[in-house]
Amino acid sequence: MNTMISRLRTAHDLSDAEFRTLLTTDAYDTELREAADAVRIEHYGRDVYLRGLIEFTNYCKNDCLYCGIRRSNREASRYRLTQEDIMECCAEGYVLGYRTFVLQGGEDAYFTDEKICRIVSAIREKYPECAVTLSIGEKPKESYQAYFTAGAARYLLRHETADPQHYAKLHPSELSAENRKRCLYDLKDIGYQVGAGLMIGSPYQTTEHLIADIRFMQDLQPDMIGIGPFLPHKDTPFRDKPAGELKAVLRMLGILRLVFPEVLLPATTALGTMHPQGRELGLQTGANVVMPNLSPVSVRKKYMLYDNKICTGEESAQCKGCLEARIEAAGYHISMQRGDALRVRKQNG
Ligand code: SAH
């Protein structure tokens, strides 16, 4: 095996120059993929964890330049699910075997901390063996603490880019890389299993930014890393920007599996949107999580972060069936366990 890749596999680190080489050279892709798959199998076997994703609001006070549900997009038809709607999604998911529910949404002031806590508690009360993951953006530490106390154990908040100047090109001036990072460290400090992550090929992204992302995550030590391609949305300022490339996403997935052998890595919907076999290729390059949609079909097309998002037309049961077949065909199998990060499983004995 190539010495750089075998060293990455054993030492989980390389110099900046070596990461630069890996990130910019085609020649290592096959070996990187093979090493990432081997390491994933070593730690997690061929299991693929499923998370039921409930997109419960597309109202958002933020104006991220890439995102289809940004507040200035007047074309977006806005919706919110009620607590009853959300409980119904969970009930449907539970019957299908889901043991993790991910509540994701825009930053919607309607959902006060009190409402979020009420929803989290209700889910945990009804399904005590299930994990609740939140993905509702930047909040004060007290709010994160309140959700945690209510029973949320995991939080997804992609850092988007570790480089402050790059961050400023993707976001309005009221948002900063500094606050984003503060949130992530607060979440860690409280005791959440934390998911960071980024879009590959976001406008103005350079190889140096990707290296900075790796370095930032080495410091943060997230339990989950969500990566997928940037895909343009027609009603955003980035409508004419090129999408990220499949090969770049796979390369970063492979690298991340080797740098963070125990991390949970989703094969994302965006990856499945950019290529018909995108998620399968992701699973073969170190990814071990898939997050099928449990949102009511009536709202799925409204949670349009980027154009042509897949899986917006089917019932939850169909989604699961389709994914099961895809995962098996790719050489893996679905696990309906909670699928906590190995770090947490070890902690809990
Ligand atoms: N409001 C929540 C959830 C955001 S949506 C939060 O702030 O975390 C989840 C992720 O979708 C974002 O973190 C972003 O990385 C991704 N996303 C948004 N727009 C996208 C686009 N145009 N292409 C690809 N991914 C996108």
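How much space lies in the largest pocket?

Reply: Happy to! Please keep in mind that this is a predicted model. The largest pocket holds about 280 Å³ of space. It is lined by 15 residues, and those closest to its centre are Ile-200, Gly-201, Gln-205, Leu-210 and Ala-248. Three helices, α2 (16-24), α9 (207-220) and α10 (246-259), each bring at least two residues to this lining. The largest share comes from α10, with 4 residues. By class, the lining of the largest pocket has 6 nonpolar, 6 polar and 3 charged residues.

The ligand, though, is found elsewhere: it sits in the largest cavity. Searching the whole structure turns up 4 cavities of 30 Å³ or more, and the largest cavity contains about 1,000 Å³ of space. Its lining is made of 50 residues, with Gln-104, Ser-135, Arg-158, Glu-160 and Leu-305 closest to the centre. Several strands take part: β2 (52-57), β3 (100-105), β4 (131-135), β6 (193-200) and β7 (224-229) each supply at least two lining residues, as does the helix α11 (269-274). The most comes from β7, which gives 5 residues to the lining of the largest cavity.

Now for the ligand itself. There are 17 residues around it, and Tyr-66, Gly-105, Arg-158, Glu-160 and Leu-231 come nearest. Sorted by class, this shell has 10 nonpolar, 4 polar and 3 charged residues. For Glu-160, a polar side-chain atom lies 2.5 Å from an oxygen atom of the ligand. For Arg-158, a polar side-chain atom is 3.0 Å from a ligand oxygen atom. Gly-105 uses its backbone instead: one of its backbone N or O atoms lies 2.9 Å from a nitrogen atom of the ligand. As for cover, the ligand taken alone exposes 560 Å², and the protein buries 91% of that.

Of its 13 lining residues, Thr-269, Met-291, Pro-292, Asn-293 and Cys-311 are closest to its centre. Strand β2 and helix α14 (316-329) each supply at least two residues of this lining. Strand β2 is also one of the elements that supply at least two residues to the lining of the largest cavity. The lining of the second largest cavity counts 8 nonpolar, 2 polar and 3 charged residues.

Note on methods. Residues are numbered from 1 along each chain as its sequence is written. This is a predicted model: local features need pLDDT of at least 70, side-chain atom pairs count only at pLDDT 80 or more; totals for chains, interfaces and linings use all residues. Side-chain values use heavy atoms; hydrogens and water are left out. On a 1 Å grid over the protein atoms alone, a cavity is a set of points where a 1.4 Å probe fits but cannot get out, and a pocket is an open set with protein on both sides within 12 Å along at least five of seven lines; lining residues have an atom within 4 Å of a point. Grid points are joined across faces, edges and corners, and a volume is the space filled by probe spheres set on the points. Ala, Val, Leu, Ile, Met, Phe, Trp, Tyr, Cys and Pro count as nonpolar, Asp, Glu, Lys and Arg as charged, and the others, Gly among them, as polar. A residue is near a molecule or strand if one of its heavy atoms lies within 4 Å of it. A polar contact is a pair of N or O atoms within 3.5 Å; within protein, one must be able to donate a hydrogen and the other to accept it, and residues adjacent in sequence count only if both atoms are side-chain atoms. Accessible areas come from the Shrake-Rupley method with a 1.4 Å probe; for residues, only the protein chains shown count as cover. A molecule sits in a cavity or pocket if more than half of its atoms lie within 2 Å of its grid points.
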